[in-house]
Amino acid sequence: MNTKRKYRRTLLACYLGFITQAICSNFVPLLYVTFSRSYGITLSKLALISTCFFSTQLVTDAICAKVTDRMGYRAAAIAAEITSGLGLLCLAFVPDLTPDPFIGILVCVVIYAVGSGLTEVIGSPIVEACPFENKASVMSLLHSFYCWGSVGVILGSTLFFTLFGIRNWRILAVIWSAVPLLNVFNFAVCPLEKLVEDGEGMSMGELLKTKLFWIFIVLMVCAGSSELAMAQWASAFAESALHVSKSVGDLAGSCGFAALMGLSRVLYGKFGEKVNLTTFMTASGILCLVCYLIAGLSKNPVLGLIGCAVSGFSVGIMWPGSISISSRILPKGGTALFALLALGGDLGGSLGPSIIGNVSQRAGDNLQMGVLSGIGFPIVLVICVLGVRRRYMTVSPR
């Protein structure tokens with residue numbers, strides 16, 4: 001209890017950091033159809049927004065793998081919150097001030113994606129460095145706040161649009177920017193620990209030469225693709241492919257997805273001591289495959305929405321679980337390991353939505369065909385998890 005009390009503000013800062021990530025990742029996708037109608041942006045260009053977001057995070061991850069230890073967690077965390085807030089704030093003004101609104105949107109996306117990428121790199125190792133027991137459970141609970149942030153963004157945005165109209169989305173962008181800007185204070189004063197002592201962590205070169213490390217990268221790519229491919233397109237998928245209203249699409253599609261993903265992470269956070277992580281991840285991968293098939297093949301809107309939402313539960317453990325397995329097997333990986341794992345996840349987050357958007361356009365703007373193209377991600381993930389479990393996990397990873 002004393003440990004939890006001492007690091008309460010640290011956890012709060014990291015929780016709000018992941019909520020900020022959820023805002024950055026989910027707010028603009030809720031506006032895809034609005035951007036298409038208002039600015040005449042095509043589906044393929046809309047897909048580039050997600051690609052740009054995760055590509056920027058990917059570059060940030062790669063840079064942070066080398067400089068974060070020298071920069072320090074506190075300075076990096078504060079920079080993450082400032083850039084995230086600034087990007088969201090600029091979203092309210094920049095698109096309408098540029099000759100091409102799409103370019104203006106991308107500029108804002110790049111700014112807050114830098115902050116989101118920094119958070120992705122430092123959030124997990126900050127919590128991992130704290131002297132908590134059952135760190136896999138703590139890690140799962142930490143990542144659940146991304147999900148609850150997503151639910152909050154979707155519900156809050158839907159309520160705002162219902163009360164004040166979608167035309168006032170710029171005001172909402174300003175409101176959401178306050179979350180990271182206020183969280184700067186928490187990171188400025190909270191206690192922080194080192195993940196490994198100076199000189200003891202593996203360098204990037206050592207990690208790149210480790211064969212097992214590359215399996216973890218593939219695992220993270222598949223985790224990111226499985227999660228973000230559906231998350232980024234859930235609202236537009238429900239609205240255009242399943243022919244439901246925007247409110248229903250946001251709530252039953254995007255919000256249902258995020259809520260069930262958060263539930264999965266909270267359940268593992270609470271009962272993780274009693275559940276084998278690799279078994280849970282394998283079952284989740286199989287369930288994800290089934291959900292993608294239902295969403296991609298069903299002609300019934302209700303079944304399609306169920307498949308979309310339940311896939312959130314199936315992907316919940318993939319990202320934090322992959323991090324926990326990797327840090328368990330490579331305990332000296334240090335910040336470089338977490339940064340490169342984040343890079344792999346963001347690479348998947350860039351590839352997954354992009355593939356769905358481009359396949360959909362080639363199929364005549366058929367988003368169901370796009371969703372169906374994502375079935376390979378959970379299949380490869382299950383293969384990787386089973387391979388790691390059979391060859392390297394001699395003790396149950398709980």
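Q: At what angle do helix α13 and helix α15 pack?
A: In this predicted model, α13 (residues 277-297) and α15 (residues 318-329) pack at about 150°, with axes 11 Å apart. Axes are lines fitted to C-alpha atoms over the stretch in contact, and angles run from 0 to 180 degrees between N-to-C directions. Helices are DSSP runs (H or I, at least four residues) numbered from the N terminus.

Q: Which residues make the contact?
A: Leu277, Thr278, Met281, Ser284, Gly285 and Cys288 of α13 meet Met318, Gly321, Ser322, Ser324 and Ile325 of α15, contact meaning heavy atoms within 4.5 Å.

Q: What confidence and numbering apply here?
A: Local features need pLDDT of at least 70, side-chain atom pairs count only at pLDDT 80 or more, and totals for chains, interfaces and linings use all residues. Residues are numbered from 1 along each chain as its sequence is written, and side-chain values use heavy atoms, with hydrogens and water left out.

Q: Moving on, how do α2 and α9 cross?
A: The axes of α2 and α9 (residues 169-189) come within 9 Å and cross at roughly 155°. That makes α2 roughly antiparallel to α9 (angles over 145 degrees).

Q: How many cavities are there?
A: The structure holds five of 30 Å³ or more. A cavity is a set of points on a 1 Å grid over the protein atoms alone where a 1.4 Å probe fits but cannot get out. The largest cavity has about 150 Å³ of space, a volume being the space filled by probe spheres set on the points.

Q: Which residues lie nearest its centre?
A: Gln21, Glu120, Tyr146, Glu227 and Trp319 do, among 15 lining residues, which have an atom within 4 Å of a point.

Notes
Helices (H or I, at least four residues) and strands (E, at least two) are DSSP runs, numbered from the N terminus. On a 1 Å grid over the protein atoms alone, a cavity is a set of points where a 1.4 Å probe fits but cannot get out, and a pocket is an open set with protein on both sides within 12 Å along at least five of seven lines; lining residues have an atom within 4 Å of a point. Angles under 35 degrees count as roughly parallel, over 145 as roughly antiparallel, 65 to 115 as roughly perpendicular and the rest as oblique.
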